[in-house]
Amino acid sequence: MEMPTADKKIFKKLGRAIRHYELIDGGERIAVAVSGGKDSLSLLWLLRERLRWIPKPYELIAVHLDMGFSGTRPQAVEAFCRSLEIPFHFEQTDYGVQAHGPENRENPCFLCARLRRRRLFEMAHSLGCSKLALGHNQDDIIETFFLNIFFGGQISTMVPRQILFQGALTLIRPLTLLGEREIQGLVHRRSWPQIINPCPSAGRSSREQLKKMLTEAYVHNQKIKGNIFNALSNVRTDYLLPPIPRGKRRT
Ligand code: SF4
């Protein structure tokens with residue numbers, strides 16, 4: 001059966017991101033963080049499908065961390081990975097519960113994401129992987145840019161490729177050029193089951209609020225999203241303010 005045109009476009013953008021940002025080399029062992037959300041399921045499937053036609057294959061290992069809420073998410077993620085014949089590694093944590101506990105003074109998602117990220121690095125390393133692939137897409141990268149300004153007071157975002165621990169591990173984001181709607185379309189065409197996130201903060205985070213704001217802006221002018229994304233690699237530092245030492249900041 002011929003591949004739908006929309007899927008072909010997705011594979012083109014995936015390939016372009018992999019080449020342009022130099023994300024994957026043949027022969028590598030790559031840990032793919034699979035939370036169970038549409039982005040991570042799509043990432044795993046796309047990287048697996050791509051192996052059908054690329055000349056230098058790589059090895060994929062799915063890693064999943066349970067956040068400590070009740071539910072059947074790990075089983076559903078495992079079934080998905082097994083259906084793709086990809087090895088699955090799972091670890092039970094209480095990161096989500098800790099993040100919502102009385103001792104946490106910061107935003108639950110900030111703590112949860114930090115703990116999860118650190119554990120994923122350790123898992124990837126212990127599995128002998130040189131790369132850890134995350135399912136962040138173009139919309140996530142734009143949202144993070146604004147979240148870092150709004151709540152962190154700095155201009156930065158998630159990058160497609162980040163070398164960590166003196167080169168022992170490289171974080172990669174192969175969905176960097178793919179928008180959320182393209183991924184939703186892929187999930188819909190493939191009829192993958194929706195794996196519900198049982199976390200009480202799911203869908204209620206600052207990111208979700210920002211997403212709504214940006215969606216409104218995109219409705220007014222369809223070029224805005226592309227312009228923001230392009231601006232992230234077109235930074236005119238000579239037209240930004242010079243740094244002010246920490247103690248002298250006015251706000
Ligand atoms: S929504 Fe819940 S599971 Fe997801 S990052 Fe936030 S606290 Fe963690």
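Me: What makes β1, helix α2 and β2 a right-handed β-α-β unit?

Reply: In this predicted model, where local features need pLDDT of at least 70, side-chain atom pairs count only at pLDDT 80 or more, and totals for chains, interfaces and linings use all residues, β1, helix α2 (residues 38-50) and β2 make such a unit. A crossover is called right-handed if, with the strands pointing away from the viewer, the path from the first strand over the helix to the second runs clockwise. Helices (H or I, at least four residues) and strands (E, at least two) are DSSP runs, numbered from the N terminus. Residues are numbered from 1 along each chain as its sequence is written, and side-chain values use heavy atoms, with hydrogens and water left out.

Me: How do you know that strand β1 pairs with β2?

Reply: Two strands pair if DSSP finds at least two bridges between them, and five bridges join β1 (residues 29-33) to β2, the two running parallel. Ala 33 has Val 63 of β2 as its bridge partner, and Val 63 in turn has His 89 of β3 as a partner. β2 and β3 (residues 88-92) also pair in the parallel sense, over five bridges.

Me: Why is strand β2 called largely enclosed?

Reply: Buried means under 20% relative accessible area, exposed over 50%, and partly exposed in between (1.4 Å probe, protein chains only). Seven of the eight residues of β2 (residues 59-66) are buried, so the strand is largely enclosed by the rest of the structure.

Me: Why does Glu 22 count as exposed?

Reply: Its relative accessibility is 55%, to be set against the limit of over 50% for exposed, and therefore Glu 22 counts as exposed. Glu 22 lies in the loop between α1 (5-20) and β1, and its phi is near 55 degrees, a positive value in a residue other than glycine.

Me: What puts the buried residues of α8 on the same side?

Reply: The buried residues in α8 are Leu 210, Lys 211, Leu 214 and Tyr 218. They cover an arc of only 105 degrees around the axis, which puts them on the same side of α8; the arc is that of the directions from the helix axis to the C-beta atoms. The face turned away from this buried side carries the exposed residues Gln 209, Lys 212, Glu 216, Val 219 and His 220.

Me: How do you know that the span of α8 is close to the expected one?

Reply: The expected span of a helix is 1.5 Å times one less than its number of residues. With 15 residues, α8 reaches 22 Å from its first C-alpha to its last, close to the 21 Å expected.
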